[in-house]
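Let's take a friendly walk through a protein model, with the sequence and the coordinates side by side. Please keep the viewer open as you read.

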Amino acid sequence: MGMSEAVIKKSLKVLDRKVTHNGYILDEQGKETQITTAMISAVCQQLLKQCRSIQK
């Protein structure tokens with residue numbers, strides 16, 4: 001294997017890595033609930049609506 005092939009293979013391995021971050025919230029009983037993309041999107045939409053109503 002040539003040097004360029006080795007570099008390409010190593011680069012492809014780096015690109016294939018998927019970094020994930022997990023967040024959790026706790027309820028009153030201490031039960032963990034994972035924060036999902038849908039939850040973040042819903043909150044962002046709510047904040048956007050509030051900001052738009054303040055501007056009016």
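## Fold and confidence

This is a predicted model. The protein chain contains 2 helices and 2 strands, and from the N terminus on, these elements follow the order α-β-β-α.

## Surface and burial

What share of the residues counts as buried? Of the 56 residues of the protein chain, the answer is 0%. The cut-off for that label is under 20% relative accessible area. The chain exposes about 5700 Å², and 58% of this area is supplied by carbon and sulfur atoms.

Part of the surface is a nonpolar patch formed by Ile25, Ile35, Met39 and Ile40, which together have about 300 Å² of accessible area. One of these residues, Ile25, sits in strand β1 (residues 24–26). Ile25 counts as partly exposed because its relative accessibility is 41%, and the range for that class runs between 20% and 50%.

## Around Asn22

You will find Asn22 in the loop between α1 and β1. Is Asn22 buried or exposed? Asn22 counts as exposed, because its relative accessibility is 52% and the exposed class begins over 50%.

The side chain of Asn22 is joined to that of Gln34 by a polar contact of 3.2 Å. Another pair to look at is Asn22 and Thr36: they are 14 residues apart in sequence, and their C-alpha atoms are 8.5 Å apart in space.

## Cysteines

How many disulfides does the structure hold? The count is 0. As a reminder, a disulfide is a covalent bond that links the sulfur atoms of two cysteines.

Cys44 has a relative accessible area of 44%, so Cys44 is partly exposed. Cys51, with a relative accessible area of 43%, is partly exposed as well.

Definitions and conventions: Residues numbered from 1 in each chain as written. Predicted model: local features only at pLDDT ≥ 70, side-chain atom pairs only at ≥ 80, totals over all residues. Heavy atoms only, no water. Helix = DSSP H or I, 4+ residues; strand = E, 2+ residues; numbered from the N terminus. Buried < 20%, exposed > 50% of the residue type's maximum accessible area, 1.4 Å probe, protein only. Areas by Shrake-Rupley, 256 points an atom, 1.4 Å probe, with all protein chains shown as cover. Patch = residues over 30% accessible without salt bridge, like charges linked within 9 Å, V, L, I, M, F, W, Y side chains within 5 Å. Salt bridge = Lys/Arg side-chain N within 4 Å of Asp/Glu carboxyl O. Polar contact = N/O pair within 3.5 Å; in protein donor to acceptor, adjacent residues only side chain to side chain. Disulfide = S-S within 2.5 Å.
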